[in-house]
Amino acid sequence: MQILYLISILGLVVFSILAILIKDLLKAALSLMGASVFLAIIFFFMKAYYAGVFEISVVAGLITVLFVSTIGLIRSDDFKESKMPTIIFPLFFIWFIIIDILILSALVSKFPLPGFKVPEPNTFGEVFWHNRTFDLVGQIGIIFAGVFSVLALFRKRDKNG
Amino acid sequence: MVSLFILIPFVLAAFLPLIEKISKRFLPDLLTNLGILFLLIYTMTYGQQIVALERGIRQLQWFNEQLNITFALDGFSLFMLFAIYLVSFGVTLFSIDYMEHYGNKGIFYALFMIMVGGMSGLVLATDLFTIYVFLEVSAISSYGLVAYGLKHDELEASFKYLMLSAVATAFLLLGIMFIFGINGSLKLGDIADRFASGEYRFVIGICTGFFIFGFGLKAALVPFHSWLPDAHPSAPAPISAMLSGLLIKVSGVYALARVFLNVFGLNPAISTVLMYLGLISILVGAILALGQNDIKRMLAYSSISQVGYIILGFGAGTNLAIMGALFHILNHALAKGLLFLNSGSVEHSTGTRDLDKMGGLGKRMPITAATTVVGSLSVAGVPPLNGFWSKLFIIIGLLQAKAYGFAFAAILASIITLWYYIIIQRRAFFGKLKENWKDVKEVPFWMAVSTIFIALICIIIGIGFPVVISNWIEPATKVLEQGINFAMRWLRL
Amino acid sequence: MVDPVRDWYFNLLISGILIMLGLYCLLSMRNLIKLLIGIEIIAKGVLLALISASYARGSILTGQSLAITFIVIEVSVIAVALALVINLFRHTGSLDVKKLTKLKG
């Protein structure tokens, strides 16, 4: 079980790196989708089934469709990204990992993980609808805000403005 | 019912585009203005009753079944709601005429109502994650509103604003995650309870860093202010007024004050950090405003400076300083909103925002010139307008807290503020009338009405400030002064 | 399965790496769509941190609610950002972030 978990984490990090470094936009969006699938697998390992399903259907589904359709709408002249990020990236990456390990090993002693547990209702439905109801109103607001913003940005002008 | 504050904006926003298809003439304008006017009156009457009872929390009932939504309607939230609806009412009156430039007013009003609803939800939330969700609601609608004109400048400004804001809110969520990991519950009362014991000082330190980055970027404190001088000038004038007057204060300053004063508690370390951030914002904003030629950019840098005053007041922590900071939230929202609306009037009549090209407009646009004078003197802090009293309270509060250097810098920056506002007045409105502005007309009816309305309110609050303070600001100060005890006692449900 | 306590720190490590990768992408890439991919990677890091913190606490159901709400927020932000990118493309004809230097900040 541990091996599979480590493979998923490795897949997540490798696909994210590929999404940054690949020059072709379409392949970068597809590798982002691969990273999402690995993240959903990690969620399943941590028994977060609803979050995993939601992650696959929304992030690996909807966002990838949005990216691919946008990339399809845009036919742009290829400008040369500077080669510098790709070359110095491995150095930066090793530097990231070292700094991260140092910070976290300094923090391990100072982060107490308390033993108390907050009691939770038994089913996901109860938590989602009962404990977090105000967030749901917020989610409705977010969906409205997103939809109306996109409509406002793509509107047809009735007069010139 | 307290839920009307959130229901009315969202329901109106849902139906406004359909209503626009039915009657484009006046129905969207009428409904929006009536909605905000109703909420303003509702705040003043019903809200005052609730706050006078000194009970912080309301719980919703829906068909005899307990809906588990709790609202935090205490003195501080009520005061912010009052400020939000007062300034929004002036802005919606203004946009009846101004948004004719841009067309499609139904979608504009819908996004506007979502932004107002998001801000109302933010101030009424009792849970840290709910504050985050409603912060994003108003942020997403503001991205769409800043880019509303679809010209190159506006799109670029909105894109940069979106990038910076997305990074900041991601870090904010990291801070929330640390708190969740230690606590297990995200309600403000529970967090205050757990952190009061003092054994989690390290976690509080890390979370303070993340929150200052996240909320500080929304409030445009100085290391994180670089999105503001691009986003606020490029937006349409009513939206600049809303963003500069309300959004940076509700998303940034209210959330900072709520978290740092009520939940974490104001220990000397946080107090010093906030005071230094406030001081740097005051000085950098004031100095950078001097060299600008674009009138809206100068006003945007001035906003950075004035928000520095508010954070300085909250950081000082004494009674008068907090009272001054709260009063300054209301005053600056009114005055800066008025100034941005007037810059919109100038742009509507002359077509330019460049101060070099303007001159002597006061003769042809007397209403705009007079209200700009009122707004400028209010922000600069000239008696008897409202800005003077709030700045005085902040400075006296700083002297009480023995922060003499800060008080001196605040007074110095006030003089610089007065200087550059006089520059705006002289270059734009007084002086010789240039040739090409000879047949510039005064602004249309609703724009004039809204600016005169806000200017009159500035004058009334300035003269009658004891009434305002005892009714609105005293309860809010009491809430913030009680610090952690308030959260532990009331925000626990 | 996975030992919750020890793995909170390990997952925080990975989450930190993802966030730094995302910031690196934001700072060094010139294509507008790559910048949005950078924001996505930061969001993945935050989601991993959120779910692993809630798993370590044992209250996985609340953590899932928070994660689902955050995914909805992320979708909305990306949708608005893509709409902005398409409109910017119509104006400047290219996806280069160096063309967006008209405003000086």
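Of the 161 residues in chain A, 41% are buried. Keep in mind that this is a predicted model.

The accessible surface of chain A is about 8,800 Å², and carbon and sulfur atoms account for 74% of that.

On confidence, chain A averages a pLDDT of 83, with 81% of its residues at 70 or more. The two ends of the range among its elements are these:

| Element of chain A | Residues | Mean pLDDT |
|---|---|---|
| Helix 2 (highest) | 25–45 | 93 |
| Helix 5 (lowest) | 124–131 | 72 |

Now for the helix pair. Helix 5 of chain B (residues 128–146) packs against helix 3 of chain C (residues 60–92) at an angle of about 10°, and their axes lie 10 Å apart. Angles under 35 degrees count as roughly parallel, so helix 5 of chain B is roughly parallel to helix 3 of chain C.

Which residues of helix 5 of chain B make the contact? They are B:Phe129, B:Tyr132, B:Val133, B:Glu136, B:Ile140 and B:Tyr143. Helix 3 of chain C contributes C:Leu66, C:Thr69, C:Phe70, C:Ile73, C:Ser76, C:Val77 and C:Val80. Sorted by type, the residues of this contact come out as ten nonpolar, two polar and one charged.

Notes:
Residues are numbered from 1 along each chain as its sequence is written. Chains are lettered from A and ligands numbered from 1 in the order in which they are written. This is a predicted model: local features need pLDDT of at least 70, side-chain atom pairs count only at pLDDT 80 or more; totals for chains, interfaces and linings use all residues. Side-chain values use heavy atoms; hydrogens and water are left out. Buried means under 20% relative accessible area, exposed over 50%, partly exposed in between (1.4 Å probe, protein chains only). Accessible areas come from the Shrake-Rupley method with a 1.4 Å probe; for residues, only the protein chains shown count as cover. Axes are lines fitted to C-alpha atoms, for helices over the stretch in contact, and angles run from 0 to 180 degrees between N-to-C directions. Helices (H or I, at least four residues) and strands (E, at least two) are DSSP runs, numbered from the N terminus. Angles under 35 degrees count as roughly parallel, over 145 as roughly antiparallel, 65 to 115 as roughly perpendicular and the rest as oblique. Contact means heavy atoms within 4.5 Å. Ala, Val, Leu, Ile, Met, Phe, Trp, Tyr, Cys and Pro count as nonpolar, Asp, Glu, Lys and Arg as charged, and the others, Gly among them, as polar. pLDDT is the predictor's confidence in each residue, from 0 to 100.
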